[in-house]
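Here is a short briefing on one protein chain. Keep the sequence and the 3D view open as you read.

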Amino acid sequence: MAEVGFSAALQERLSGLKARLQRWSRGGRTDDSFLMQASATLERLTALSEEHRENFTLPKFLQLYTQAALDITYFEENQLVDEEFPEESSLHKVEELINVLSEPEILVKENSTSQEPLSVLGTELLECLYWRRGALLYMFCHTVKSRKEWLTEKTELLKKFLSEGIHYLVTMLGFRCSDNTEEEVSFGDADTARLIHEGIYSDTHLLAMMYCGEMCYWGLKYCGEGKEPVQSTDPRSESRAPNMALDFRETGAKMLQKYITVCEGPLRLHDWDTKNAKRILNYFQNLPT
């Protein structure tokens with residue numbers, strides 16, 4: 001990866017994060033643990049930005065930048081959830097948070113000509129960026145689908161957010177999936193091998209599957225078939241097939257079947273509830289073709 005010095009663009013992004021943090025600091029929220037972590041990370045970023053050109057490393061800067069963005073926006077997301085996504089301001093706020101959480105990948109592409117975001121940021125950070133965007137849109141859609149305006153005047157916008165949220169979660173679930181068919185031998189434990197093969201390393205991966213299934217269900221119930229091209233604002237969208245259509249039924253059924261199989265198979269002793277997943281899957285399977 002070609003190393004670059006601290007550019008004006010990076011300075012602008014760093015200043016933007018500092019401004020977000022200062023907004024909450026002025027509001028007396030300095031005792032929040034995530035804001036405190038973000039403050040410490042921003043101090044490290046500032047010190048790194050002042051290094052001589054030969055000592056500046058872009059991957060390190062972008063990893064710290066991503067962590068600070070994740071911490072600040074996590075606090076902001078919790079505020080939105082606690083306030084139940086206020087009708088007058090939440091739409092703009094959600095779009096703003098999605099943009100902030102998309103910045104790390106955009107910065108990689110703007111400053112690197114040889115490496116992809118996965119190799120620069122690492123699996124854990126990139127997974128977290130996709131999970132957080134997908135989960136935010138899940139929570140937002142879960143709230144607004146009960147508001148009449150969204151089911152009458154903003155149906156297309158609801159469909160857009162559902163489609164993008166599903167895309168983020170499906171992408172997140174793909175980062176650790178393995179093509180190795182010999183894992184049963186490598187790991188010795190068939191249950192562990194199955195989880196590794198499916199890319200399931202935490203509860204978050206299971207929640208992502210269930211969230212996908214629910215969002216696909218909402219898409220069919222409130223927005224129709226869901227087979228039109230998805231217009232995503234995701235910076236990675238350019239690498240996807242042009243005019244890719246999301247089939248709510250097919251995607252939802254696939255995710256829920258995998259969720260049920262894993263919960264009743266390798267994780268059968270961990271008490272994961274599959275009742276709602278089975279109910280939605282039955283809905284998908286009984287839709288007219």
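Begin with E77: leaving aside neighbours within four places in sequence, E77 is in contact with L97, L101, R132 and L136. The model is predicted. E77 sits in helix α3, which covers residues 58-82.

**E77 and its surroundings**
- E77 has a relative accessibility of 4%, so it counts as buried. The cut-off for buried is under 20%.
- One of the contacts of E77 is with R132. Leucines also touch E77, namely L97, L101 and L136.

**The chain overall**
- The secondary structure comprises 13 helices and zero strands.
- Read from the N terminus, the order of elements is α-α-α-α-α-α-α-α-α-α-α-α-α.
- The chain has 289 residues, and 48% of them count as buried.
- Take contacts between residues at least 6 apart in sequence: 75% of these join residues at least 24 apart.

**Helices α8 and α11**
- Helix α8 spans residues 155-174, and helix α11 spans residues 203-223.
- Their axes come within 9 Å and cross at roughly 155 degrees.
- Angles over 145 degrees count as roughly antiparallel. The two helices α8 and α11 are therefore roughly antiparallel to each other.
- The crossing of α8 and α11 is left-handed.
- On the α8 side, the residues that meet α11 include F161, L162, I166, L169 and M172. On the α11 side, those that meet α8 include M209, Y211, M215, W218 and Y222.
- Cysteines of α11 take part too, among them C212, C216 and C223.
- What is the make-up of the contact of α8 with α11: how many residues are nonpolar, polar and charged? The residues divide into 17 nonpolar, five polar and one charged.

**Positive phi in loops**
- E84 has phi near 55 degrees, a positive value in a residue other than glycine. E84 lies in the loop between α3 and α4, the latter being residues 90-111.
- Is E84 buried or exposed? With a relative accessibility of 57%, E84 counts as exposed, because the cut-off for exposed is over 50%.
- D271 has phi near 60 degrees, again a positive value in a residue other than glycine. Its loop runs between α12 (248-263) and α13 (275-285).
- D271 is exposed, at a relative accessible area of 72%.

Technical notes: Residues are numbered from 1 along each chain as its sequence is written. This is a predicted model: local features need pLDDT of at least 70, side-chain atom pairs count only at pLDDT 80 or more; totals for chains, interfaces and linings use all residues. Side-chain values use heavy atoms; hydrogens and water are left out. Helices (H or I, at least four residues) and strands (E, at least two) are DSSP runs, numbered from the N terminus. Buried means under 20% relative accessible area, exposed over 50%, partly exposed in between (1.4 Å probe, protein chains only). Contact means heavy atoms within 4.5 Å. Axes are lines fitted to C-alpha atoms, for helices over the stretch in contact, and angles run from 0 to 180 degrees between N-to-C directions. Angles under 35 degrees count as roughly parallel, over 145 as roughly antiparallel, 65 to 115 as roughly perpendicular and the rest as oblique. A crossing is left-handed if the near helix is turned anticlockwise from the far one by less than a right angle, and right-handed if clockwise. Ala, Val, Leu, Ile, Met, Phe, Trp, Tyr, Cys and Pro count as nonpolar, Asp, Glu, Lys and Arg as charged, and the others, Gly among them, as polar.
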